Amino acid sequence: MSTAIPTTAAERTSETQSLPALGGFNLTALALEIRRMLRNRRTVMFIVVFPSLFFFMFRASGGGANAARIQSYVLISMAVYGAMVGTTAGGAAVAVERSLGWSRQLRLTPLRPAAYIAMKVLTAMVLGLCAVVSAFTVGALSGVRMAPSVWILCGLAAWACSLVFAAFGLFMGFLLPSENVMQFVGPMLAILAMGGGLFVPLQNLPPVMRTIAQFSPAYGVGVISRAPLVGGLSTAAVASVVGWTAIFGVGAMVLFRRDTARV
Amino acid sequence: MVGMLAIDLRHLTKRYGNVTAVNDLSLAIRSGEIVAFLGPNGAGKTTTIDMILGLARPNEGSVEVYGLAPVDAIARGYVSAVMQNGGLLKDFTVYETVRYTASLYANPQPVSEVLERAGISHIADRRVGKCSGGEQQRLRFAMSLLSNPRLLLLDEPTAGMDVEARREFWSAIREDAGRGRTVMFATHYLEEADAYADRIVLVRQGSIVADGTTAAVKSMASGRTVRATVRNADRDALAALGGVTSVELRGDTVLITCTDSDAVARHLLTKTAASDLEITANSLEAAFMALTGDAEVPA
């Protein structure tokens, strides 16, 4: 391929440039990207500090015989919340990159759009993992006790299902070209988390609210993540995660296409 | 590479709504040329560069870069660019920015080497957000060197820099130019075009109005205009003075474009009844007027 363009001895520049493997996807860029995100104090506040803080605030809400179980319940919900914020922040970073012209700069490199999106999703998932691990560490250190299999299954479920919010973050990131996208998206996440039963158990809500809550993108994630502890895994929960991931994923794709076509 | 065109633009037109930013522009740049793309703001320079880079799609016409479509030329690292502003993440350091960009190429130049060549090794660990405009521009230059491109496009690379930063930036570019790289830079500073280009392409309102060697284009802009009120001026006599390139009569006002304004002024004040005499150095705008013969543009 690269021999199609003849060079002469006088031509000292770019003798043979081949295309990068995997459209430019690489671990060096990914590591730099993750390190950059984790250096952002605000991001760390939202994915590490706040969920733990909420855990300490809410765990006291239940006493009596069920206290231990309520603590675990609250901890898992907060891990899910942290993962939600982390993955959303990772995806929504494209808004900042668009507003600063970094995306445009990247278009002057061999990086393929699909490779860029893949690195964004992976960064988002690593942030989500950080959130789950830190919440569980804080929980374990402050006396939450669960069977090892429950810890692992809940953690994995919370983390894997937060893919919904990586897609949501990307969608919002392509929708809002703003350097401060998380200022809009942060409160939205709190409302979604509320509606998804992460802050208040759904059975404590009035029936109308409970019905509406099932349409929150956080609903399925919460139910699936708590299932190893309390059971209640349902088709509706799985459909929620799969459906919202598809909706946000397709939405992000459409906006992304519009973004690159609008040149 | 002999005879191969670095840039081949044919009948490019780009419209944004009702505004025609680039109008039927054709331009061929040979490998190894250093070309200044000179024109006032809004002349279509950035739009043209965006089309060469594949960041904008022309409504009509074609773009080839070393015989390839822009996106393929970029993917192979044949072309890179220093854009006017933006394009940097504030929370990466200088080193991280270059390292990240380098990781996207198959065979990048060593990071330390491009930092050195751009003259920013000493600020490698500084956050981009803390760098001055000139430092950020040299960072963009360092990034553009990673692919060791055959063609380097610079869009108003020194806009907003102070004199010292501008001098340092150009000296970095100049040190690098001996490598047979084709360079095209957009600017609205005539001095920059003069100092660094072998060829100047003048654009105005989306079209090329002049294309020639630096000396040829510069001579058109380097003269002066003598303006005076003279009743019944003798046009032929004025035109016959040494160094006069054009004489224009507007009622009682004469406008004389010339290279020796002292001689013309002396003639007007001693041999005619001229009054209200003014001498102005020809601006770039005046050069455009001379080149386009468009008297509609306000002086």
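Two strands count as paired if DSSP finds at least two bridges between them. In this predicted model, strand β3 (residues 34–38) of chain B meets that condition with strand β7 (residues 182–187) of chain B: 5 bridges join them. The two strands run parallel. Within this pair, B:V35 has B:M184 of β7(B) as its bridge partner.

Both strands belong to an open sheet in chain B. The sheet has 6 strands, in the order β5-β6-β7-β3-β8-β9, and its pairing is mixed. The edges are formed by β5 (79–82) and β9 (207–213) of chain B. Each of these has a single partner strand, so one side of each lacks a neighbour in the sheet. From one strand to the next, the twist averages 15°. In general, strands of a sheet pair through backbone hydrogen bonds, either parallel or antiparallel.

Helices also lie against this sheet. Helix α1 (residues 45–52) of chain B lies across β3, β6 (151–155), β7 and β8 (199–204) of chain B. It runs at about 150° to β6(B). Helix α5 (residues 133–145) of chain B packs on the sheet as well, touching β5 and β6 of chain B. The direction of α5(B) makes about 175° with that of β5(B).

A further helix, α3 (residues 94–102) of chain B, is mostly covered. Of its 9 residues, 9 are buried. Among them are B:V94, B:Y95, B:E96 and B:R99. The cover over the buried residues of α3(B) includes α4 (111–117) and α5 of chain B. It also includes a helix from the other chain named here, α1 (27–39) of chain A.

Note on methods. Residues are numbered from 1 along each chain as its sequence is written. Chains are lettered from A and ligands numbered from 1 in the order in which they are written. This is a predicted model: local features need pLDDT of at least 70, side-chain atom pairs count only at pLDDT 80 or more; totals for chains, interfaces and linings use all residues. Helices (H or I, at least four residues) and strands (E, at least two) are DSSP runs, numbered from the N terminus. Axes are lines fitted to C-alpha atoms, for helices over the stretch in contact, and angles run from 0 to 180 degrees between N-to-C directions. Two residues are in contact if their C-beta atoms, placed from the backbone, lie within 7 Å. A residue is buried if 20 or more other C-beta atoms lie within 10 Å of its own, exposed if 12 or fewer, and partly exposed in between; C-beta atoms are placed from the backbone.
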